[in-house]
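Subject: Model for you to look at

Hello,

Here is the structure I promised to pass on. Please open it next to this email. My notes follow below.

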Amino acid sequence: MKKSLSTLFALMLAFPVAAFAQGALKIGTVDMQRAFKEYTKTKEAEVKINDAKNAARKEYDDRAEDYKKALDEINNLNKQLESAALSADKKTQTAKERDDKIAKIKNMEREINDFRQTRERQLQEQLMRMREGIVKEISDVVMEKVKANNLDLVFDKSGMSINGVPVLMYAHENVDFTNDVIAVLNKPGRATALTTKTSITAGASGTPARATPPRAQKP
């Protein structure tokens, strides 16, 4: 039995070797990660995304500044209410004004938080669409090369296993066609279906501040 298993194992190893020797399989490799990074459309999309993030941050900062001003007004009214020289009628009027501003600032707080969450979600969705669109473009070019060269197998050199090691441990340089893919992608005047929208903001390092604005409190 042991001898039979050894023979079977040897045959399993010999089969692909024989197939390669006979030229039965044509194999190619491509570095998808490198193609993604060096594609000019990826760089253009990143610029647009960063511009949108900066616009979102400015809008968030403007809202936060308005909130801070409203909070300062409430604090000033609270100080006035602490004054012993304030008449009863004036105190009642000031307290009502203070309470109205507190109600308003609470609405501002909810709007700021809704704004941040909405922008973060929009960014994540846009980033996903942008990446999927570009990856599809790269994959389409890869498939064009596969058909043109009658390749049987194509491996992604940038792929990693669950153990954190390259899936493709070794391949001869002459089977790699990453440069060809990048050249086609960056060819001037090349028409593509991908469009990168700019109605996105926040996220990653450009995410508007997550801190909840300080709440206005009655004395």
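First, a definition: helices (H or I, at least four residues) and strands (E, at least two) are DSSP runs, numbered from the N terminus. This is a predicted model, where local features need pLDDT of at least 70, side-chain atom pairs count only at pLDDT 80 or more, and totals for chains, interfaces and linings use all residues. Residues are numbered from 1 along each chain as its sequence is written, and side-chain values use heavy atoms, with hydrogens and water left out.

Overall picture

The protein has five helices and two strands. Along the sequence they run α-β-α-α-α-β-α. Of the 219 residues, 31% are buried. Buried means under 20% relative accessible area, exposed means over 50%, and partly exposed lies in between (1.4 Å probe, protein chains only). The accessible surface is about 14,800 Å². Carbon and sulfur atoms hold 55% of that surface. These areas come from the Shrake-Rupley method with a 1.4 Å probe; for residues, only the protein chains shown count as cover.

Contact means heavy atoms within 4.5 Å. Take the contacts between residues at least 6 apart in sequence: 86% of them join residues at least 24 apart.

Salt bridges

The structure holds 12 salt bridges. A salt bridge here is a side-chain nitrogen of Lys or Arg within 4 Å of a carboxyl oxygen of Asp or Glu.

Start with K58 and D62. Their side chains form a salt bridge at 3.1 Å, N to O. Both residues sit in helix α3 (residues 40-81), four residues apart, about one turn of the helix. An α-helix has 3.6 residues a turn, so residues three or four places apart point the same way. K58 is exposed, at 53% relative accessibility. D62 is partly exposed, at 39%.

K136 and D140 lie in α4, four residues apart, about one turn of the helix. Their closest N and O atoms are 3.0 Å apart in a salt bridge. K136 counts as exposed because its relative accessibility is 52%. D140, at 35%, counts as partly exposed.

The side chains of E59 and R119 meet in a salt bridge at 3.7 Å, N to O. E59 lies in α3 and R119 in α4, so this pair ties together parts that are 60 residues apart in sequence. E59 is partly exposed, at 30% relative accessibility. A network of salt bridges links E59, R63 and R119.

A buried threonine

T42 is also in helix α3. Its relative accessible area is 2%, so T42 is buried. The T42 side chain reaches the backbone oxygen of F36 at 2.7 Å. That is a polar contact: a pair of N or O atoms within 3.5 Å; within protein, one must be able to donate a hydrogen and the other to accept it, and residues adjacent in sequence count only if both atoms are side-chain atoms. Leaving out residues up to four places away in sequence, T42 touches F36 and I134.

Which residues of α5 are buried? They are T178, V181, I182 and L185. They cover an arc of only 95 degrees around the axis, which puts them on the same side of α5. The arc is that of the directions from the helix axis to the C-beta atoms. Their cover includes β1 (27-30), α2 (32-38) and α4 (88-149).

A171 sits in the loop between β2 (153-156) and α5 (178-185). A171 is partly exposed, at 29% relative accessible area. The C-alpha atoms of A171 and I27 are 9.4 Å apart, across 144 residues of chain.

H172 is found in the loop between β2 and α5 as well. H172 is partly exposed, at 46%. H172 and T29 are 143 residues apart in sequence but 9.0 Å apart in space, C-alpha to C-alpha. A polar contact of 3.1 Å joins the side chains of H172 and N174.

A nonpolar patch

L25, L153 and F155 make a nonpolar surface patch of about 220 Å². Patches are made of residues with over 30% relative accessible area and no salt bridge: like charges are joined within 9 Å, nonpolar side chains (Val, Leu, Ile, Met, Phe, Trp, Tyr) within 5 Å. L153 belongs to strand β2. L153 is partly exposed, at 35%.

Best wishes
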